[in-house]
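User: I am new to this structure and would like to learn how to read its features. Please take me through them one at a time.

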Amino acid sequence: MGFISDIVEGITDFVEDVFNAVVDVFSAVFSAIGSAISGLFGGFSPDVPTPGASQSPDGVVITKAGTNVDIPIVYGFRRVGGRIVFAETNGTDNKYLYVVYAICEGEIEGIKRIYIDDTQLPNPSGGKYATATTHTIGSGRYSGRLQLQIFNGTETQGQSSLANQTASWSSKTRKMPGVAYAVIRYEWKKIESQEDADNNPYRGGIPSVKFDVLGKKVYNVITHAGGEDLANDYADLTKAHSYNPVNCALDYLMNTRWGAGLDKTEINADAFKTAAIKCNQQVTYSSGVTGKAITMNAVLSVTPKILDNVKILLSGCRAFLPYIQGRYKIKIEDGGNATDITSSTLTSAFDVTTDHIIGSVNMQGEQKSNKYNQVIVRYVDPDLNFTEQQQVYTESADVTSDGEDLIGDFQFFTIANKNIAQDIARMIYKKSRNQRYIQFTATPELLEVEPGDIIRITSDVLNLSTQTFRVTNMSFTAGGNISVQAREHDATLYPFVSGDQIEIPAQTYRPDTFILQPVSGINPATPISVAPPNDQEDTVTDPTLDSAGAPTSTTSSSTDNDALPETKDLGNISSVTTFDSQSIAQFNSSNTVLTSTHCLLYNLDVENSAVNLTGSFTAPIGQIITGQGDGITANINFFVKVPQTSYIDKIRFYIFDKNTKVLKETQLANITRFDTQVAVPVFLQRLTKDTYIRPKFYSTALDQEFADGSTGTYSAFSFTNLEGTATTGKTLEAVLNNIIQTSDQFGSAQSTVQSTTATKETLG
């Protein structure tokens, strides 16, 4: 495994080396205002994004291995797969498998949930995994079979004591600075029986792991005291977890390892602060739900060009990134108000008349190539297992004369809120049908205007009278004038204005690969997309700034989802161990019911045989088992307690003939929660000393069987199991087979389990 250790040591160098060249390209692209404006606002204009971009959410959650696999960057809250960078066995017979999974770039806020082979581990204490702490899984499918450590990717994090249990890892310093990673120790047990196989939680090979990540810590620019300069260089800025897209974009622009590496002197901090406040502003979505205006939940690869990643970050928050007087600004495309994202009140940056226009003017209306009568916006929904979902906007009246479908299909990599996706779909739809384009050359007076600003244009020739346009592109001409491209602006077309909602059926279920059955996800009462977990920033309710440059009114973010709900790990239960605490049953030696409630009554009739069971037995599931016989017919009556688990709704008996080696399945008996009565179906089998009865609980919803896992203070029953080995047990299987194997009355008799109905009144 030595080569893997070299990979681990070289992770940081790999990332830095690959992207130093890209940083140089990025800096060159933005070095001059002319090329910057032309490059940025041809490609970064958020008016209508280009269809066809694709980033599969399934791709980012796949566990990968290899020397050239990139380590992603996570902002906000997203699910990602691990990158296997080390694997080694240890212990007697190699019973322990140690795997190191690189998760993402650090420092992150933490890990909320972990899935092993699509099975969720129990939620950690405190809502996220404590860093560098050894966590032992004590419940669920992997109970007692798994330990793990999480490291959040600080530059000074220590070495894993868990990974140090292997010879290779401990032989060198392997702290993986700046990379969030997990160390997991899997314990394998030798499979010597069918029961061992049934209880083995691993399906073979290195398990795949998915992590629900509270993403990278970033600087909250809303806390900026004011002025164009940030208070500190990037390394010295105080950082915390954030869902604010402006904070995340600023982090990527300034990061020196895998980002653009911009210096603080290249950032207009005031502009970033204003935009960040807008994103955190509380709004009412068209669905009627309230939440923050724009949030970010992104997984970025470090393999694309930095410029492409910047476009991804800006498109999700509808932002421009103009380069003005040596500094980058960020502007949110909205109704046009300087500070309020919900306001339609705007200030024109410049009133353009024919005195400012040089030469010809080109204006055109909507064209079929970019005009839609249906818009689809794809996003990632954290409430639906982080799968790709769709929001569709259309209006029945807007169809072409020939009924042709004009469909715009857009994917936003950073949106994880269906309400935001819905409003963006409406915005794109409306803008594609209600905006005109204009292009003209203007005098240098328009240098006062910045891309993203709103201007008003008056022209008798074009029949425009102070018509508002948003500037989307500006560039210098050879003669020193300004070439301007703009799009007609109407504040009512932007989000937070009501619109119709059309939903596509969503993937509600994801397969559990261990039991190959659908397992329903459990979502919180408040959707994660609206109230993401561990959101530390306040929601802005009044964007007006006070004398210190802070919003005058804020409200604390919701803590509803700080503790995420646990999914029921249905696959982890291979046996039933908990039963209704009210289950009581008792027979006397005359086969008379003394007391019973919350139980199932079974009556086993054995023909031509006498079974004389006097007194009463304390049974693991059947509280009392009694029997009597007259040499012709014997009755064995027993109660079965009702399992607490609601999705277990039947009990099934298998009959195994040791001579023919045939295992025959009987009919299923319904488990009715004891409201009125319980009925057991009839099945007929030959019951001899060579017969073995194996009872199983069964779930119709899962199509899965569960063994009886009863334990108790009573004595165990001795019996010979299917393998022919003498053993003892406290389960119903042990009790029934003990009776068969120890009674002299069982020969080659025919037996029947008959339907017995017991009402609540009859059983007391």
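Analyst: Begin with burial: a residue counts as buried when its relative accessible area is under 20%, and as exposed when that area is over 50%. Keep in mind that this is a predicted model.

User: Is helix H8 enclosed or open, and how many of its residues are buried?

Analyst: Of the 16 residues of H8, 15 are buried, so the helix is largely enclosed by the rest of the structure.

User: How does the length of H8 compare with what its residue count should give?

Analyst: The helix covers residues 418–433, and at 1.5 Å a residue it should span 22 Å. Its end C-alpha atoms lie 23 Å apart, which agrees. At the start of the helix, a side-chain oxygen of Asn417 comes to within 2.8 Å of the backbone nitrogen of Asn419.

User: What should I look for in a salt bridge, and how many are there?

Analyst: Look for a side-chain nitrogen of Lys or Arg within 4 Å of a carboxyl oxygen of Asp or Glu. The structure has 26 salt bridges. One of them joins Glu109 and Lys128, with 2.5 Å between the closest N and O atoms. This pair links distant parts of the chain, 19 residues apart: Glu109 is in strand S6, and Lys128 is in the loop between strands S7 and S8.

User: Which residue forms a salt bridge with Lys216?

Analyst: The partner is Asp251, and the closest N and O atoms are 3.2 Å apart. Here a strand is linked to a helix: Lys216 belongs to S11 and Asp251 to H5, 35 residues apart. Lys216 is buried, with a relative accessible area of 3%, and Asp251 is buried with a value of 3%.

User: What does the salt bridge between Asp453 and Lys331 tie together?

Analyst: The two side chains meet at 2.5 Å, N to O. Asp453 sits in the loop between strands S25 and S26, while Lys331 is in strand S19, so the pair ties together parts that are 122 residues apart in sequence. Asp453 counts as buried at 15% relative accessibility, and Lys331 is buried at 18%. Salt bridges with shared partners connect Lys329, Lys331, Glu450 and Asp453 in one network.

User: How do I read a sheet, and in what order do the strands S20, S21, S25, S26, S27 and S28 lie?

Analyst: Follow the pairing from strand to strand. The six strands form an open sheet with mixed pairing, in the order S20-S26-S27-S28-S25-S21. S20 (350–352) and S21 (357–364) are the edge strands, each pairing on one side only. From one strand to the next, the twist averages 30 degrees. Inside the sheet, S26 and S27 run antiparallel and are joined by five bridges. In S27, Arg470 is the bridge partner of Ile454.

User: Where does Asn534 lie, and which residues is it in contact with?

Analyst: Asn534 is in the loop between strands S31 and S32, and it is buried, with a relative accessible area of 16%. Beyond its neighbours within four places in sequence, Asn534 is in contact with Lys112, Leu214, His241, Tyr243 and Asp562. With Lys112, the contact includes a polar one between the two side chains, at 3.0 Å. The C-alpha atoms of Asn534 and Gly127 are 9.0 Å apart, although 407 residues separate the two along the chain.

Key:
Residues are numbered from 1 along each chain as its sequence is written. This is a predicted model: local features need pLDDT of at least 70, side-chain atom pairs count only at pLDDT 80 or more; totals for chains, interfaces and linings use all residues. Side-chain values use heavy atoms; hydrogens and water are left out. Helices (H or I, at least four residues) and strands (E, at least two) are DSSP runs, numbered from the N terminus. The expected span of a helix is 1.5 Å times one less than its number of residues. Buried means under 20% relative accessible area, exposed over 50%, partly exposed in between (1.4 Å probe, protein chains only). A polar contact is a pair of N or O atoms within 3.5 Å; within protein, one must be able to donate a hydrogen and the other to accept it, and residues adjacent in sequence count only if both atoms are side-chain atoms. Two strands pair if DSSP finds at least two bridges between them. Axes are lines fitted to C-alpha atoms, for helices over the stretch in contact, and angles run from 0 to 180 degrees between N-to-C directions. Contact means heavy atoms within 4.5 Å.
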